[in-house]
Every structure is written in C-alpha cells, then in structure tokens.
Amino acid sequence: MSLLGKAGRAPAAQESGFAAHRAGVDRLLASYRAIPGNANVRLAKKTSNLFRARAKNPAPGLDVSGLTRVIAVDPVAKTADVAGMTTYENLVAATLPYGLAPLVVPQLKTITLGGAVTGLGIESTSFRNGLPHESVLEMDILTGAGEIITATPDNEHADLFRGFPNSYGTLGYSVRLKIELETVQPYVAMRHLRFHDLRELERTLAAIVDEKTYDGERVDYLDGVVFTADESYLTLGRQTDEPGPVSDYTDMDIFYRSIQHDDDRPKRDRLTIHDYLWRWDTDWFWCSRAFGTQNPKIRRFWPKRYRRSSFYWKLIALDHKYNIADKLEARQGNPPRERVVQDIEVPVERTADFVEWFLREIPIEPIWLCPLRLRETGAPATTERTWPLYPLEPNRTYVNVGFWSAVPTVPGQQEGAANRAIERTVTDFDGHKSLYSDSYYDKDEFAALYGGNTYTELKRRYDPDQRLLDLYSKAVQRK
C-alpha cells in the first residue's frame, strides 16, 4: 500500500515528512497536467549524472522540487521511505545517525536514489548486496499515463517493479521508494593489495567474492584500481568500531594516490564510515586532475566546498556548451577528442581479458574495478529474481570496469569509433554496458541486450500514449 494514504498511521515525529511528501506529489501531478498532450514528459531538473547529450525540450517539465527529502527512517525495521529525487548525500546524512546505511551507496553525492534504481548504481558493497534496486521493497511510480501506482515484487504491478531498473525514466519516475538499510560501524579499516599481474588480481578477486574474507580478515567492501597492466590494486574494507587515527582525503591528500605503494605487503589505512562512503567524491575518482585540482599549487587555493563532483559537473557542462576542450586542442593542431565515459560489466573470468584489451586499444588510465553479484535471497534462481532490462545471471560474479576520459579522434573514422569498439568487445565477452553515457547500438542489437519484447509490453501497459521517450530513443538516439 502506498504511503500516500498512510499519513494518519505514521508516528507524530514523522508526520511532517509525510505531509511535505504529499505536497510534493501534488505539485508533481499538477505539473504533469500542465504539459501539452502532444509533448514528451520529462523532468524539470537542472542537474544530472548522465553523460549523454539530449535534445532540448520546449515543453515545461515535471516539478520534482518537493521530492528531494528522506520521508522517514525506521531504525528498528532498518528501512527508510525516501522521495525519488533525494540525493545519496542527504540519504546517508539521515541514516548514519542511527548507525545505518543503504545497502549500496553509489560513489557520488549527488546521485539520487531514484536515479540509481532506474539507471543502475554500484559500489564496493555490490559483491555482497547486489545493486541499489535489489534493496527496494516497494515503489510509488508516476507512469507515462499520469497515474501514481505502487509496485512491489508480488503485487499486480510486479512486472513494472522488475522492469523499472535500467529503464531510465522511460516507464515512469519513482516518487517514493521504501528501501532496506544495514547496520554499519563507525570506521572502515582498509587493506590495499598490489598486483603485478592482472590474472592474479582476477583470481584473488573471485576468491574474496566467494569467501568474503582474505588472509583471515572479514571483507565488507571490495573494489580496485588498475593503473597499468603491471600495477593494479584491490582495496579491501572491514567495518570496525575500534578507535584510532583516520586519514582525511578532503584536503591536500588524494585518495586514489594513497592506494599506490611499492611494497608487495598490503598497505593499511582507516577512514570514518562517512569519509569511506564519499572517498571518491572529492576528486570525482581521479577526474578532478582535468581541472588542475590535483596540482598542489592549485589545490591549496581551491575552496573545499568546490572540491566535489557536483561542482566538476558544472565545469563539464560549460565545456559541452562552448566546446572549450576541442578549441584548445585545435589551437595546438590536435584533432577533437572522443568522450569515452562508460561503465561495463563482464563475467569475473573475463576481467583480465577485457582489461588487457582495453589497455592495449584505449589510451585511458586509471580504470576502476568493482565486483558484483545479484543478491542471494535463499530463493531458487528463477526469472522472478532477475531484472529483464539488465539481465545479469543469478549466482554469477561480474566485474564492473569504469573508465572516464577522452581519446583523440582519427580522421576518417566513424563517429564514436572507440565507444563502438568497446561495445563490440563487451558483447563478445558476454558482458553488459550501462546506458548513462553515449551508446551506438542498432535497434535489433539494443533490443536483444536490453529487454526486447518485455520492454515493449511494459511500455504498452504503463505508457500507452507514448508520453515518455522510449529507451532506444533516449539512450542511443539521445533525444
């Protein structure tokens, strides 16, 4: 049952959260009704974590300004009711005082819960907790037909519940999500393991995912960084309440550089749970170097409040608007650069193969590694446990490979040559590619990879008048 009708049963301390949410829903519905019937329905949202361009929409957008807060946290049940446009920064701020956190917290503070569910998200707990949509218990969704429905794993809208992940707002927008939380400790103790051989890294990673331990210590968090074929790392995190000194990577020190070391013995470090969850945000992984902020002379004078992913996004938006980077390249006699900003998943046993291919063919480094498995619920592996628009296999380990930069274009090559090569290789390796950035699939290949007839049926049921863009138009044709 939707919380929209539950306000009278809510605890008094949470009543204001429910009231504010109802008001936000009212504004949302009013804005939907104000959009002309022949116009596509889109969000009226100034910021985004998507890297693909889209056409300007002359029609007014959906007013989601009232859907940006945590509605309620239940520390006993370990659940939270959250408005769809709530950022993880605000969600974590609401749950950590209870010693709780979402099961998966994506790396960047401004990613929204609704965005991580409809567009997928991942982080270093994904090897044991899966993806953010797997911790959702129920969702209120505004469909293309202008109705708000509640979808759960076993009600009459279970098909939408399963089909919503990876639909990117083409089946509807999440208004409220009820999610599971997990207990966390105040600190995370880390071990950085160095590898000189990618196949040894692959074997070690697969074993840790299976055993959830390494060298006698529990592993609660697991990800990695590849700098070169001869220098790569796995970072193993363990929750702890043991007091002691902690590092700070929000000032002059840079987290990803702290991972590197020459000794083959593990390098140890500690962070508060808060700083661990946001360890990548200060420098947008390593992408802040494009703005000079990793130069100590510049970093010293760069205000801390601007050392975060949301500000770097503004700089990227300016570059896209005025083509600053390409103009600078042209002044030096260089060709324009192709943006290669992608996250892909391949089965763990193809990780070294893909990384070796990538390092050989695509001149980008470092790259990020993050293992994942669909959550183990104890139930048999059936189609009811899978997610048709991003069909990962149950009981199989995958590794997300993330790379975010640009490469020089070659005169005469077709548009997106590097991205197209990546797409072909990922498919050849039985993998998948996230759709938050540029894609170049043809329609038949796209349908085979991302839902096919299942998506068509969902679209027909929940957006019969095609008020929302379809997934191919949005992800590939960039409308």
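Q: A helix crossing is right-handed if the near helix is turned clockwise from the far one by less than a right angle, and left-handed if anticlockwise. Is the crossing of H6 and H12 left-handed or right-handed?
A: In this predicted model, H6 and H12 make a right-handed crossing. Their axes, from helix H6 (residues 198–211) and helix H12 (residues 351–361), cross at roughly 145 degrees and come within 9 Å.

Q: Which residues of H6 and H12 meet?
A: On the H6 side they are Leu198, Arg199 and Glu202. On the H12 side they are Thr351, Ala352, Asp353, Val355, Glu356 and Leu359.

Q: Which residue forms a salt bridge with Asp353?
A: The test is a side-chain nitrogen of Lys or Arg within 4 Å of a carboxyl oxygen of Asp or Glu. Asp353 pairs with Arg350, with 2.8 Å between the closest N and O atoms. Asp353 is partly exposed, at 23% relative accessibility, and Arg350 is also partly exposed, at 26%. Glu361 and Arg360 form another salt bridge, at 3.7 Å; here Arg360 is exposed, with a relative accessible area of 58%.

Q: How many salt bridges are there by this rule?
A: The count is 31. Some are linked: Asp81, Glu138, Asp140, Arg176 and Lys178 belong to a network. Glu393 and Arg396 also form a salt bridge, at 3.1 Å from N to O. Arg396 is buried because its relative accessible area of 18% falls under the 20% cut-off.

Q: Where does Pro336 lie?
A: Pro336 is in the loop between helix H11 (324–331) and strand E13 (337–347). Pro336 is partly exposed because its relative accessibility is 44%. Its contacts beyond four places in sequence are Asp326, Val407, Pro408 and Thr409. The C-alpha atoms of Pro336 and Val410 are 8.8 Å apart, although 74 residues separate the two along the chain.

Q: Over which residues does pLDDT stay under 50?
A: Where pLDDT is low, predicted coordinates should not be read in detail. Residues 1–10 stay under 50, and the model gives them 22 contacts beyond four places in sequence. Residues 379–383 also stay under 50, with four such contacts. The mean pLDDT of the protein is 91, and 92% of its residues reach 70 or more.

Terms used:
Residues numbered from 1 in each chain as written. Predicted model: local features only at pLDDT ≥ 70, side-chain atom pairs only at ≥ 80, totals over all residues. Heavy atoms only, no water. pLDDT = per-residue confidence, 0-100. Contact = heavy atoms within 4.5 Å. Axes fitted to C-alpha atoms, helices over the stretch in contact; angles between N-to-C directions. Helix = DSSP H or I, 4+ residues; strand = E, 2+ residues; numbered from the N terminus. Buried < 20%, exposed > 50% of the residue type's maximum accessible area, 1.4 Å probe, protein only.
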